[in-house]
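Trainee: Could you take me through one part of this model closely? I would like to look at chain B, please.

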Amino acid sequence: MIRFQNVAKTFRRARVLDGINLEIGLGERVALIGSNGAGKTTLIRCLLGEYTHDGEVAIDGLDPRTNRTTVLGNIGFVPQLPPPLKMPVGQLIDFSASLCGTDPQHIKGIAQRLGLDVDAVLSRQFVRLSGGMKQKLLIAVALGRDATVLVMDEPAANLDPEARKIFFELLAERQHNTTMIISSHRLNEVSTLVNRVVELDLGKVVLDDKVADDVSLAGILACRIVVKRAEPAFAKALGAWNFVDQGDGLVWEGTVSGPDRLRFHGMVARYIALISDISLNEAAN
Amino acid sequence: MNQLWLTAKLDIVESLRARWFQIYTLVFGGIVALLFVFGLTESRVLGFIGLSRLLVTYIQLTMAILPIFVLITTVRSVAGDREAGVFEYLLSLPVSLSAWFWGKIVGRYIVVFAPVFLAMLAAVGWATLRDIEVPWGMFGYYTALLAVMAACFLGIGMLISALARSTDMAQGAAFLVWLVFLLFLDLILLGVMIQGKVSPQVAILVALANPLQVFRTAALALFDPQLIVLGPSAYVILDLFGVAGYKVFALVYPAFLGILSATAGYLLFRRGDLP
């Protein structure tokens with residue numbers, strides 16, 4: 001479906017992409033990882049037809065540069081850094097919906113599901129939204145249309161746990177008929193979301209591996225934590241994950257989204273000395 | 001066409017909320033207001049009184065301010081948007097490059113021309129209310145001149161934006177272009193001619209190629225049809241074009257230059273890296 005054939009890109013004398021060969025099929029969820037300067041953003045920009053390059057990039061056999069509107073009509077893109085758009089939220093939604101031939105209500109619906117009260121911010125400038133609100137809106141614009149390719153650069157970085165859970169559900173709903181490319185500096189940020197890892201270093205593919213696909217995007221884990229003593233900082237951290245105190249701050253229960261388990265463990269690890277018992281069980285969806 | 005209008009509308013909304021636009025509107029609205037406050041319609045210079053006197057002063061001031069304002073704000077916002085990641089995101093949406101580029105130009109043109117024209121229109125409205133005679137012929141030609149001037153420098157601004165890869169470079173180039181136009185105004189050319197370094201024909205050709213000089217001469221021609229203040233070069237210009245011919249040239253040439261620059265900018269934009 002997506003084919004990079006000997007793709008190379010040079011800025012002045014710096015070779016940022018050096019003969020990339022990749023084929024990504026329908027339904028694959030690819031983590032594109034690598035350190036700063038590895039070439040992730042450049043590769044994504046080549047895929048979006050934004051950069052000229054050597055070699056070939058094709059999506060369903062079409063060059064994204066010469067068939068812009070056809071190809072980009074099927075790609076939903078979430079950038080890592082939200083652009084500083086001065087236009088009101090309502091106009092961004094209408095503009096994107098008009099170009100993508102989708103119903104603005106669909107985009108608004110997804111934003112609402114992610115926890116963004118769109119009606120309350122319709123006339124507010126996009127640039128004046130909080131980081132999380134911007135991210136939710138950009139995700140809604142990307143998912144609010146019939147895209148068969150989703151290209152996302154650290155999409156969940158600014159989302160709270162509840163919004164992340166819904167975001168994973170939204171991805172799960174379209175995982176069988178959509179190809180996803182998720183870019184990140186670190187594999188552990190996205191490892192539970194993907195079934196293939198491509199690592200770039202100095203513009204070359206240094207790792208291309210399938211990974212265990214046991215984690216369901218829509219999976220939910222029921223979690224129970226017992227602590228030795230009540231600790232306000234830990235209580236606050238668990239509160240952010242919507243955990244409920246079962247008695248005097250000593251027993252906490254809640255649910256964790258399957259793909260978010262690693263991030264959750266990371267948070268819990270910071271308070272590991274406090275914990276006397278912890279259990280995580282796959283819950284029925 | 002729908003994509004073009006969507007992009008134009010987007011650029012208008014973005015510009016209306018930008019600080020540069022507020023300052024820009026304030027400057028041109030302020031000029032007209034100040035000219036009224038200082039009673040310019042009552043003063044008489046070279047036989048001009050009333051609104052024609054005000055329009056003559058307004059167009060002279062506009063010619064000094066508008067080119068540099070249009071150049072700097074255009075390159076700043078276009079190159080700035082590219083640097084800030086606005087292009088990366090908006091050009092990931094299915095919009096054709098021609099609709100994007102020309103849509104931006106259309107939107108920007110409306111935003112740049114509207115305050116200048118509305119300020120002049122407000123002056124006419126005020127004059128009508130106060131029973132001051134409105135020189136409609138002069139008003140019409142000055143409007144056309146301002147429209148063409150905005151188009152000319154917008155086109156040049158878009159070309160610079162397509163060429164320069166950073167805001168700093170774009171700003172520097174825009175300033176340099178303006179400075180070159182300024183340096184080749186007639187007084188400097190006359191100085192060069194006096195020194196005998198350049199033949200008069202070349203000097204006049206350079207002057208006629210300079211859009212700033214073309215506008216200046218055209219504005220002068222309205223209240224000095226024989227271009228007496230230009231001295232001997234007036235003979236060449238009037239022999240070549242005639243009074244009416246020069247008025248047409250002053251509209252057609254800068255418009256052509258603006259469209260040519262914008263087209264060159266579009267071709268460069270389409271060929272290179274977008275963000």
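Mentor: Happy to! Of the 275 residues in chain B, 42% are buried, where buried means that 20 or more other C-beta atoms, placed from the backbone, lie within 10 Å of a residue's own. Keep in mind that this is a predicted model, in which local features need pLDDT of at least 70, side-chain atom pairs count only at pLDDT 80 or more, and totals for chains, interfaces and linings use all residues. Residues are numbered from 1 along each chain as its sequence is written, while chains are lettered from A and ligands numbered from 1 in the order in which they are written.

Now the build of the chain. Chain B has 12 helices and zero strands; helices are DSSP runs of H or I with at least four residues, strands are runs of E with at least two, and both are numbered from the N terminus. The radius of gyration of chain B, taken over C-alpha atoms, is 20 Å, close to the 19 Å from the globule rule (2.2 Å times the number of residues to the power 0.38), so chain B is as compact as a globular protein of that length. Its C-alpha atoms fill a box of roughly 60 × 55 × 30 Å along the principal axes.

Next, its partner. In chain B, 23 residues are in contact with 24 residues of chain A, contact meaning C-beta atoms, placed from the backbone, within 7 Å. On this side of chain B, α1 (2-16) and α4 (86-90) each supply at least two residues, and α1(B) gives the most, with five.

Methods: Contact = placed C-beta atoms within 7 Å. Buried ≥ 20, exposed ≤ 12 C-beta atoms within 10 Å, placed from the backbone.
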